[in-house]
Amino acid sequence: MSKYRNSYILIGLGWLMLVGMSKVPVTLEPQLAEEPAIGHCNDFSLHKNPYFGDLHVHTGYSMDAAQAGVITTPDDAYRFAKGEEIMLPPHDEDGHSDRTLQLDRPLDFTAVTDHSEFLAETSICFNRNNLAYYGPYCVTMRGTEDGNHPLDTLAFALGMGGIVLPGGEFNFGFCKLRPELCEKRASDSWKSTQNAAQKAYDRSSNCSFTSFIGYEWTGSPAMNNQHRNIIYRNEIVSEAPISYFDADKPHELWEMLDDSCTHQNNGCEILTIPHNSNLGGGTMFQPYTEKENPYTPEIAAQRQRLEPLIEIYQHKGASECVNSPNVLLASEDELCEFELIVSDICTGSEADAEDCTPLCSDLPVPIGAFSGRCAEPSDFARGILRNGLKEQSRIGVNPFKIGFIGSTDTHNGTPGAVEERGFKGHTGKTDADLESLIGTNSTATTSENDLASKLKSIIETDSIKRYSAGGLAVIWAEQNSRGALFDSMQNRETYATSGPRIITRFFGGWHLPDDMCSQENFAKKGYALGVPMGGDLPSAPLSESKPKFAISAFMDVGSDNFPGTELQQIQVIKGWEKNGETYEKVLTVAGDANNGASVNLDTCQVQGSGYTNLCAVWTDETFSQSQNAFYYARVVENPTCRWHKHQCNAAFEAQKLSCDTITAEHPLSACCDGSTPDTVQERAWTSPIWYQAR
Amino acid sequence: MKAFLRKLMRDPFTHFIVIGGFAFMLLNSSNNSGVIRLSEGYLQAQKAQFQRQIHKSPTPQETRQLLQAAVEEEALYQEGLKLKLGQHDPVVRKRIIQKMRFVLEGQSKPHRPSLQELQEYLVEHLEEFREPVRYTFRHVYYRNESKIGERPTTNYSDFETIKLRSEADPFILGNDFKSLTFSDISSKFGSQFATAFVKYAEQPQGKDVWFGPVSSRYGAHIIKVLEIHPSQRPDFEAVRDKVYNAWMKLKTRNNKSDAIERILANYHIDLPIANR
């Protein structure tokens, strides 16, 4: 199956660049539905509860998912999130499939976020009841089963033409010809997305599940990722989702969102959550609208208001930090080496690894970061936060004041399907079996050097094996309702996990007691004497005051089928600004990085023990009141087998294979190519707490 | 006789038989002559597969080899079919049975249920759709069970409880929980704890007294059940979708087994004597 995948990506991205729809967002009259008041839910707690969810979910309404044979609807995705079983592609003609999936622990909340681009075309071109289904546009859009047909090449070539041009200006699409038909289709899909969310929301006092209405804006000019999910506070939403063809720059998107939602004064509220900044190529977090137009305090404030969070982890990798010595804003931190799509950044010295990733700014043409071809540390969370401190000094507003969440970005309509053991892929039939999931052996080198291959290498990620099962978004809120969760997202009282349901709290303050970890009322003290994750430290009470941070973490207790893993350590990451330069450091504040825990690679059994919970109160003795700073915590589990190791082991045992004897031609030889580590240390990242110099 | 022959020659039925016979011979003979035709699309797919595995485009010679191999495989496959080699092959057999089951399932789609059918189904299967029992409770947590020491396992006096609480550790989810189901408790404390908890809570004297220690992955807990909210009769509208799905699943399964029954009815089944 894997041979089709690249073509799906090519065609998908090609058309994404090529075709546009013109829409004027209009706001609906508010449809009043009862929003559970604070205190209405049985689980209401003043000191808040952690809720686990997924804010990045695609279904068959997304063009690239439909191309990969996905037929799930938003309804199906919400049913899945609540614990029901669904079928995965490939489906037969009756929609049947013998591949199924079910969560062993339902989620607390979910947002279905299908691509706003091509909503109408997808609805038309994947439904045989439409005449247009048989037309040339739809035939091209669906691609071929083969994946290497001249038709696929045509889509690819056209796509390349669109990519290098500014977004939205190339429009050969079906909907250009029949806009009246398309607008209805797009609006039907958008309505049924809303209806599915409305239906899934539990407004009873059980508050067992919260849904959010949302969509994804998929701008990727020059193949550099700028994607953002738009999440609505409630059912009062814009008439139409905004696409890359309506607004081809993030600041235009925010402007349109404010016009069509925030400024309508009808209760409409949104936030945007960028993701995969690891693939942004340095275009995602620049403090300017155009190079010659640096952010004004107004634009910075708008960005801070509308974009309080970043999706730091999902199936296309982590965006926390990237390593390299002597490269501006890069890190030197062993634990950054976790589910990265890119390698360490090249420094140009002889010590560079052979597979190092060049800076996008060092390439003759800075395109194609989406494939991991190049990267910029300024697009990873640490670099973003550090640049934010500088902007704070420059204009008095920090446009990059971002808290953290994780999600899956599943294209199967399977929110929260993050379990490594038995991971079934996230992109329909293109990764429906182990062979396609692990891809081709990376040690077999390609000798292709023609133009087409070069162009392809700009678009393709080298191996799906680098992808992971994705992560979760965790929100600390008073109760599981839209209002409470949305407030906490705006306040950044959130954290990201790479999948496990680790529970962690993080408070900062000047008067936190040193013995907080042994007091029963940890959270009460934290709120009374400090600020939670996502907050700002108030001014220091005395000139010699040092801030204290209290961090508590409990391991994921797991389920019967998939028991949780013990913790190894808690780290605090500090970034600060001094004389116009920024710095960072990583400190272990609880646990033990050398606790001796390991994994038996033959059986994936965990050996040695860690901690079921960890807690620490840490004082920043190097604190200076004149330096802007941020602090966040990273909670790290003991090592476990990565998903591919679990599955390769099982397949090898069944087929009596071994890495010692397997030939390079064997379809499973990528199991042994060493292109990704066999073990991982799953983790949680808390949103930062900021200090503003006085 | 001549008249009869003439009549026969004019009879359309004769034409039918004769033309049909020729057609049969023609078709049959073209089957026997065994044409193997490979399309351009097939070639492209083969080349692409080659490229994936070997990481380069095939040379003209390699392309010829690819085609040669494909022709050989197709010919062997056709001959194998004629010799019915698939007949007793366990892999082929399994695959055909699997396909047949899918075919039957596709044919077994039930009609859309009426409102009344769904309501009746709910009444017949009330237990499956009941709202689960919910528990409101308080707990005190200790990282190490040794802190609880040699104290009794139930009925702590208020004095002991106060003393125990002063030595307790903070639990990250707090100490009070309202209206949790068994699966809520499992996901917060683990299923080992949840099972022990429910077993205790269901005892007649289980409410309003401190009880423990109950252990979890995190350590030890002393618990006090404050309220048990009995399982609720489901409201039809609230569970309508679930009832619909369950109804469809059941009917599909029934239709499918009926279809298998009908197939079985066409066979005379001869089992070993002991199993008849």
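A:I310 has A:F404 of β12(A) as its bridge partner. In this predicted model, local features need pLDDT of at least 70, side-chain atom pairs count only at pLDDT 80 or more, and totals for chains, interfaces and linings use all residues. Residues are numbered from 1 along each chain as its sequence is written, while chains are lettered from A and ligands numbered from 1 in the order in which they are written.

Strand β10 (residues 309-314) of chain A runs parallel to β12(A), and four bridges join them. Strands here are DSSP runs of E, at least two residues; helices are runs of H or I, at least four; both are numbered from the N terminus. The open sheet has three strands of chain A in the order β11-β10-β12, with mixed pairing. β11 (317-318) and β12 of chain A are the edge strands, each with a single partner, so one side of each has no neighbour in the sheet. Two strands pair if DSSP finds at least two bridges between them.

## Around A:S468

A:S468 sits in the loop between α13 (451-459) and β13 (472-477) of chain A. Is A:S468 buried or exposed? It is buried, because 28 other C-beta atoms lie within 10 Å. The cut-offs are 20 or more for buried and 12 or fewer for exposed, with partly exposed in between; C-beta atoms are placed from the backbone.

Leaving out residues up to four places away in sequence, A:S468 touches A:H315, A:G317, A:E339 and A:W643. Contact requires C-beta atoms, placed from the backbone, within 7 Å.

## Domains of chain A

Chain A splits into domain 1 (2-23 + 43-442 + 449-466) and domain 2 (502-642 + 677-691). The bounds come from an automatic or database domain assignment. Each domain of chain A gives 24 residues to the contact.

On the domain 1 side, α11 (381-395) and β12 (403-406) of chain A each give two or more residues. α11(A) gives the most, with seven residues.

## Chain B and its interface

Chain B holds 11 helices and four strands. Buried residues are 15% of its 276 residues.

Between the chains, 36 residues of chain A are in contact with 28 residues of chain B. On the chain A side, β15 (503-509), α15 (522-529) and β17 (548-554) each supply at least two residues.

Key
Two residues are in contact if their C-beta atoms, placed from the backbone, lie within 7 Å.
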